[in-house]
Amino acid sequence: MNSADNNQNTQPHNQTDATSNVLGEAISESEPTSEPKIIDSQVDLTTYQNRIAELEGQVKEAREAHARANAEAYNARNRMEQETEKTKKFALEKFAKDLLDTVDNLERAIENSQSDNDPVLEGVKLTHKSLIAVLEKYGVKVVNPQGETFNADLHEAVGIDPEASANQVGQVLQKGYTLHERLLRPAMVRVGS
């Protein structure tokens, strides 16, 4: 029995040794060595380097195109906002210009009235004042250049005023108007010579 016991005791010991040897060999094969392994290959690295440079160039071009597209979109949006603002600002131009005839008629009625105590004249004055206030509320301003230097951008000379100084506005025949600093109608004036 002794020999059988001995066989049983040596058998696990032999298995353990065999397992250790197999594990040791596997570990030694998988451990990296300090020497680099050189693999002989027929690969030309310049082909890959050229391809990388080409792809980097395409990425750069795509980024530049993207930046240009963003800038163009930003500029287009700003232009649209400016055009919209300008359209809103001057949308009343034709309407305001048409109202100027009514203002002129009211001013003629006030100038040609016979009596200052006439209740109809008071109504005309109030109507004129109210209409001018509404026009001013929407950016329409009166250009009344009486006594000022003649300005061809704002005034239209229709005659000579012998009593006015040279290049000075004498008589104002019809007031001018601007809409948000843009000329709506020039003032018709007589200028000194």
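**A pocket and a helix pair**

Reader: Which element gives the most to the lining of the largest pocket?

Author: In this predicted model, α3 gives the most to that lining, with four residues.

Reader: And how much space lies in the largest pocket?

Author: The largest pocket holds about 200 Å³ of space.

Reader: Which residues line it?

Author: The lining of the largest pocket is made up of D104, E107, R108 and E111, together with V172, L173, Q174 and K175. The elements that give two or more residues to this lining are α3, which spans 93–111, and β3, which spans 169–174.

Reader: How do those residues divide into nonpolar, polar and charged?

Author: Five of the lining residues are charged, two are nonpolar and one is polar.

Reader: Changing topic to the helices, at what angle do the axes of α3 and α4 cross?

Author: The axes of α3 and helix α4, which covers residues 119–137, cross at roughly 150 degrees and come within 10 Å. Angles over 145 degrees count as roughly antiparallel, and α3 and α4 are therefore roughly antiparallel to each other.

Reader: Is the crossing left-handed or right-handed?

Author: The crossing of α3 and α4 is left-handed.

Reader: Which residues make the contact?

Author: From α3, the contact is made by A96, L99, L100, T102, V103, L106, E107, A109 and I110, while α4 brings L121, V124, K125, T127, H128, L131, I132 and L135. Sorted by type, the residues of this contact divide into twelve nonpolar, three polar and two charged.

Note on methods: Residues numbered from 1 in each chain as written. Predicted model: local features only at pLDDT ≥ 70, side-chain atom pairs only at ≥ 80, totals over all residues. Heavy atoms only, no water. 1 Å grid on protein atoms, 1.4 Å probe; cavity = no way out; pocket = protein on both sides within 12 Å on 5 of 7 lines; lining within 4 Å. Points joined across faces, edges and corners; volume = space filled by probe spheres on them. Nonpolar A, V, L, I, M, F, W, Y, C, P; charged D, E, K, R; others polar. Axes fitted to C-alpha atoms, helices over the stretch in contact; angles between N-to-C directions. Parallel < 35°, antiparallel > 145°, perpendicular 65-115°, else oblique. Left-handed = near helix turned anticlockwise from the far one by under 90°. Contact = heavy atoms within 4.5 Å.
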